[in-house]
Amino acid sequence: MTTVRQRRVGKGTEAAEDQPSEEKNVKPDGKVLSDHTGRKLWNILSVTVGGIVAVCLGLLTSVYVATLHENDLWFSNIKEVEREISFRTECGLYYSYYKQMIQAASIQQGLHGLVYDNKTESVRTINILERMNVYQEVFLSILYRILPIQQYLEPVYFYIYTLFGLQAVYVIALYVTSWLLSGTWLSGLLAACWYVTNRVDTTRVEFTIPLRENWALPFFAVQIAAITYLLRTHLQPIQERLTLMAVFIATFLFSLTWQFNQFMMLIQALALFILDCFDMLPTAKVTWLYIIQVSGLLLVCVLQFFNSMILGSLLISFNASVLIARTIQKNLKKGSLLTRLGKLILHVLLVLCLTLLINKFIKKILNLESDEHIFKFLKAKFGFGATRDFDANLYLCEEAFGLLPLNTFSRLSDTLLFYIYVFVLFLMTVAAVIVAFQNLSGSSQVRCMEKMEECTITLKPDAAYNLTHTVLFGCLALSTMRMKYLWTSHMCVFASFGLCSTEVWKLLLKCVRLHTAQRTRLIKYSVPIITLLYISYKFWPGIMDELSELREFYDPDTVELMNWIKSNTPNTAVFAGSMQLLAGVKLCTGRTLTNHPHYEDKNLRERTKQIYQIYAKRSPEDVYGILRSFGTDYVILEDSICYERRHSRGCRLRDLLDVANGHIMDGLGENEPELKPSLYPRFCEEIKKNLPSYTAHFTRVFQNKTFHVYKLAKHK
């Protein structure tokens, strides 16, 4: 953390205030020992109280989000099919595997059904444990089967209560990280309060329960807390080993539960790389963290039956490149300012080139194309050329993958979080730039924390890491709204740490020549307490109103559809439709799907694009041929997609399909000159007219205000 230190030129008053001399405490009656014992007892009491507050806040947060979920859906009162429908899109797909494991005749049979699954993708047998991060569902289902709780707790409640319980772990980890950085648990209390009062922007667990990030982010927060502790100075060897073990376990669990783990840890590795280049972290600890990241990811790779997407991840290539480049450039941190800058530029270029070469080589060997849609999306998003690629445009048109909306900052400012965050971020960034320059020029001795006395401004390794972490994840959140939850939760930690930091207030007071130890201590505690009182006064009534507001789940059209499918179609029937709806079909009815929302597979992406021709301008013969090639028995058409108005022209699903097919889009507006009119009308509209060319292949068997189900003829 930033701090101003006076050079030791004697026993002046300022020095005496900052670092009391031992002679002051020495008294003839042996008071030194009693003072030391008193301080020790006070520290034990403080840690105990702080720990109890952390656990209580974590549990209260769990109860809070669980109550919001119950109040919003009346979950305890609705039917099972309505509960399952409430798990929208990919959430329903993940929960279906938990349900499948619960309903299996035995654990072995359940696992066999996942490893040799032929119901998630028709005419294909896939390994669910390889393709998807569902080990948490497997573990939870096994736990439910072996614990004597079946008579007291329904499977769905065991599942959602586990997720809500993880919110307690999440809040406690944020609390502990802030406490470790600032040295006072008051900082953790403030971080937890900000997390709750900014719930709209810090979590979405209450309405997207099975989403992978809700499993992963609590473990990521634990990992950050463990790294923060690891980067402290003067750790005993046993403390360091135990902390490294904690970092590894948290990293492994985070990697196991989220398919985007590699990208999040790549950003984390970049933070470590930047700080190591500027000599702001101990190199040995950074090396251990690189190794832990790769080890955790490789262990997950083994558990996921050597998933090629993990082996071809940029994280493995980057970490390997850093370690190789460091071996080649042994004297990287020696020399004058210009010499070190030159070495640093060469080092960065070497790491970059090695990363690209290693990654390209691995992907060539493994013939890996599973993640190409992500790079196409990034290329188009950041303006490196327009694209007609259907998958890339599908992401670009989703609000969740757009820029962070400006109203996010107004909400965060209402709780004072954003203002304080920017204030602390500015001070810390200035300090980091100064320290980095000093380290490169060799004009100070901040490389070892033992020599900080001779340094004007210092930055502790744990604070330096959290600063870089928040900046990089802030950039990610600004560019992609869906990733804001990684930033906003850490924003609570970082802002509360700065507000409760002795070093921050000492620096400010010394700048205005008002510093005394007593004044610093007074401000350090009074400002956070005033902030907490303000938050309580302004937001407590709103939280109480929110908890008293009662609503009920209501989606009769989808319920009617699912009940009809269960009652009127064979168990072996194959259904085609939108990814989001089919996830619910699998969960509620157990029928076989043609496609689903887990998009990290090239063959599935191509299959989904083909299935979606039901919303394009194609002939009935073409659509029928496509659907039958995937073994389809029934196709579900949704008016909300066929006549979509949620997106503007150019981002509607039918527009994306038209562009990908080379056809002119519907409606007024410009079209690319290469696009041509289609020879056929839009399939989803024309089929409802019951023309002979359509009824020869499709027979309508179900209809309500939202859905139309057609049975495909089985021509010889």
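Is cysteine 651 buried, partly exposed or exposed, and what is its relative accessible area? In the predicted model, cysteine 651 is partly exposed, with a relative accessible area of 23%. This value lies above the limit of 20% under which a residue counts as buried. Cysteine 397, by contrast, has a relative accessible area of 11% and is therefore classed as buried. These two residues are joined to each other by a disulfide, with an S to S distance of 2.1 Å. The torsion about the S-S bond is -75°, and the link of cysteine 397 and cysteine 651 is left-handed. Cysteine 397 is located in the loop between α20 (390-396) and α21 (407-414), and cysteine 651 in the loop between α31 (639-642) and α32 (653-660); the pair therefore ties together parts that are 254 residues apart in sequence.

The structure holds two disulfides. Besides the link described above, cysteine 642 is bonded to cysteine 684, with the sulfur atoms 2.0 Å apart. The torsion about the S-S bond of cysteine 642 and cysteine 684 is about 80°, so this disulfide is right-handed. When the bonded cysteines are counted along the chain, the disulfides follow the pattern 1-3, 2-4.

Cysteine 56 is in no disulfide, and the nearest cysteine sulfur, that of cysteine 193, is 13 Å away. With a relative accessible area of 40%, cysteine 56 is partly exposed. Cysteine 588 is also in no disulfide; the nearest cysteine sulfur belongs to cysteine 91 and is 13 Å away. Cysteine 588 counts as buried, at 4% relative accessibility.

A search of the whole structure finds 33 aromatic pairs. Among them, tyrosine 175 and tryptophan 179 form an edge-to-face pair, at 5.9 Å centre to centre and with 85° between the planes. Both residues of this pair lie in helix α9 (residues 155-182), where tyrosine 175 and tryptophan 179 are four residues apart, about one turn of the helix. Tyrosine 175 and tryptophan 179 are both buried.

A stacked arrangement is found for phenylalanine 575 and tyrosine 634. The ring centres of phenylalanine 575 and tyrosine 634 are 5.0 Å apart and the planes meet at 15°, so the pair is stacked. This pair links distant parts of the chain, with phenylalanine 575 in strand β1 (residues 574-576) and tyrosine 634 in strand β3 (residues 634-638), 59 residues apart. Phenylalanine 575 and tyrosine 634 are both buried.

One aromatic cluster is formed by Phe75, Phe87, Tyr95, Tyr98, Tyr157, Tyr159, Tyr161 and Trp215.

Note on methods
Residues are numbered from 1 along each chain as its sequence is written. This is a predicted model: local features need pLDDT of at least 70, side-chain atom pairs count only at pLDDT 80 or more; totals for chains, interfaces and linings use all residues. Side-chain values use heavy atoms; hydrogens and water are left out. Rings of Phe, Tyr and Trp (its six-membered ring) pair if their centres lie within 6.5 Å; planes under 30 degrees apart count as stacked, over 60 as edge-to-face and the rest as tilted. Helices (H or I, at least four residues) and strands (E, at least two) are DSSP runs, numbered from the N terminus. Buried means under 20% relative accessible area, exposed over 50%, partly exposed in between (1.4 Å probe, protein chains only). A disulfide is a pair of cysteine sulfur atoms within 2.5 Å.
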